[in-house]
Amino acid sequence: MTTEKIKFGTDGWRAIIAQDFTVYNVGRVSKGLADWLLQKNSAPAVVVGHDCRFGGALFTEITAKVLCNNGVRVLLAKGFVSTPMISLGVLQLKADQGVVITASHNPPSYNGYKLKGAHGGPSSPNDIAAVESLIPGEVDVPAQSLDYWEEKGLLEYINLEDMYVEYIKGKFDFEALTKSPFKIAYDAMYGAGQNVVRRLLPGAVLIHCDDNPGFHGQAPEPLDKNLKELAHTVATTPEIKIGLATDGDADRIGLYNGDGNFVDAHNIILLLIHYLHKYKGMNGKVVIAFTVTDRVKKLCEVYGLPVEVTPVGFKYISEIMVHDDVLVGGEESGGIAVKGHIPERDGIYDGLAIYEFMTKTGKTLKELCEEVYEIVGHFYYDRHDLTIENEKKNAIIKKASEGGYTKFGKYGFNRVETIDGIKYHLDNGGWVMLRASGTEPLLRVYAEGTNKEETLDILADVKKTIL
């Protein structure tokens, strides 16, 4: 049979269910993983779990069977779990690897396969490349049941939800949070954070916290355009002063202030640096992806904190967190990790940190954002994802990388950076960036200006120029 080569993108292998993301291909990836693990360890152990997405239990079962059939011990999570739960489980159970069956924020037709390292975060780029190179063209998927492998001692069921909840309870002042003057609303986007938040914050107003493997037809990505019900709930309920949303596997975050206005990842990264350094006296390097606002550099300059910029992909940030003392590591897409936790994105942990910041200071989210703006200035960011054929997407990126654009409408630029994608620093102090998605037929156009009108105008001029 002819089999396509399986490629891991920015964060795992993603593909459309039943088209390329099949039982057989999941088996192939699992065989490559088993071979790689057995090269390094004669008796490796892997934590395996899935989120709420369609087919998760089936694909997890195939992963477990193939790993067990190759002599790899599997610690299998009961029920759906978030990506941070798998990463924490790998670390606490001293496993060699973690596997999450998830397509994260991708549309409902997708599923995916994420690899987690022994350090409790995304596997390093080198390890992912090594596994990818070992994925075979063919695989034997064993017929034996999971019960068979459990009897053989190669499969053990674990409760990662209980483990995660107990761990989180030791990280925050829940006595204060339950008495907070600010009520919180939480939108799970039908994703894997729903049970945990229900247990940790019983007083929270819950939205989309039920089982819906198709996410009601919407990609579970915590962007303003996807969170209208949460925005409306916060805006029309006076006692709710913060809205928290997490994506399908609960490693990304989005927030709303008490007015029902979206607070994006750039602002959340700034708020976490501000809270941890100024209020809690913590230090360390700040690591940001190339798509994050330069206001982070400005805040870090004021606070005397070193900054490192990485390509897009949390695996690059996590790798630095393992070796260096990192205070905050974050991406524009809402994946943020903080000191004192695992080197992994965790939307629930980040949300609790901001909620604690509000509760301890008695200040609203809007007031805390204003504190940051007093240091770095006001700004407004937006991103437009253009669905275009790969051929056209690649042609635009090629033209940009060869210096084919000299200005975007009325907006000229004075500097270009190409760490990952092409970033243009505009004459007006803002910036524009073009970057092709590694997992979908999308061209991402990022822009920052001083206010919403200017930013939307920049995006409009860029689109006119490139399309």
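**Note on the pockets, cavities and selected residues of the model**

1. The residues that line the largest cavity of this predicted model divide into 3 nonpolar, 8 polar and 10 charged. The volume of this cavity is about 250 Å³, and of the 21 residues that line it, Thr10, Arg252, Val312, Arg435 and Arg444 are the closest to its centre. In total, the count comes to 3 cavities of 30 Å³ or more.

2. The second largest cavity holds about 60 Å³ of space, and its lining consists of Phe8, Thr10, Asp11, Gly12, Lys114, Leu115, Lys116, Pro122, Ser123, Ile128 and Lys315. By class, these lining residues comprise 4 nonpolar, 3 polar and 4 charged. Strand 5, which runs over residues 110-117, provides the largest share of this lining, with 3 residues. Thr10 is listed among the residues closest to the centre of the largest cavity, and Thr10 is also named in the lining of the second largest cavity.

3. In helix 4, which spans residues 125-133, the buried residues are Ile128, Val131 and Glu132. These three lie on the same side of helix 4, because the arc that they cover around the axis is only 100°. On the face turned away from this buried side, helix 4 carries the exposed residues Asn126 and Ser133. The packing partners of the buried residues of helix 4 are helix 1 (23-40), strand 5 and helix 12 (314-323).

4. Turning to the open spaces, the largest pocket contains about 850 Å³. Its lining is made up of 30 residues, and those nearest its centre are Phe262, Val263, Asp264, Tyr380 and Tyr381. Two or more lining residues come from each of strand 10 (253-257), strand 11 (262-263), helix 10 (265-279), helix 14 (365-376) and strand 16 (380-387). Strand 16 gives the most, with 6 residues. The lining of this pocket has 11 nonpolar, 8 polar and 11 charged residues.

5. Which residues does Val263 contact, leaving aside its neighbours within four places in sequence? Val263, which belongs to strand 11 and is among the residues nearest the centre of the largest pocket, is in contact with Gly254, Leu255, Tyr256, Asn257, Ile268, Leu271, Leu365 and Cys369. Val263 counts as buried because its relative accessibility is 4%, which falls under the 20% limit. Between the C-alpha atoms of Val263 and Ile242, residues that stand 21 places apart along the chain, the separation is 9.9 Å.

6. Tyr381, another of the residues nearest the centre of the largest pocket, has a polar contact of 2.6 Å between its side chain and that of Glu332. The side chain of Glu332 is also joined to the side chain of Arg383 by a polar contact of 3.0 Å. Glu332 is located in the loop between strand 14 (326-330) and strand 15 (336-338), and it counts as buried at 10% relative accessibility.

7. The loop between strand 8 (205-207) and helix 9 (228-236) contains Asn226, which is buried with a relative accessible area of 14%. The side chain of Asn226 reaches the backbone oxygen of Glu221 at 2.9 Å. Beyond residues up to four places away in sequence, Asn226 touches Met189, Gln218, Ala219 and Glu221.

8. Most residues other than glycine have a negative phi. Phe215, found in the loop between strand 8 and helix 9, has a positive phi of about 50° although it is not a glycine. Ala250, which lies in the loop between strand 9 (240-246) and strand 10, likewise has a positive phi, near 60°. As to accessibility, Phe215 counts as buried at 2%, and Ala250 counts as buried at 1%.

Methods:
Residues numbered from 1 in each chain as written. Predicted model: local features only at pLDDT ≥ 70, side-chain atom pairs only at ≥ 80, totals over all residues. Heavy atoms only, no water. 1 Å grid on protein atoms, 1.4 Å probe; cavity = no way out; pocket = protein on both sides within 12 Å on 5 of 7 lines; lining within 4 Å. Points joined across faces, edges and corners; volume = space filled by probe spheres on them. Helix = DSSP H or I, 4+ residues; strand = E, 2+ residues; numbered from the N terminus. Nonpolar A, V, L, I, M, F, W, Y, C, P; charged D, E, K, R; others polar. Buried < 20%, exposed > 50% of the residue type's maximum accessible area, 1.4 Å probe, protein only. Contact = heavy atoms within 4.5 Å. Polar contact = N/O pair within 3.5 Å; in protein donor to acceptor, adjacent residues only side chain to side chain. Arc of directions from axis to C-beta.
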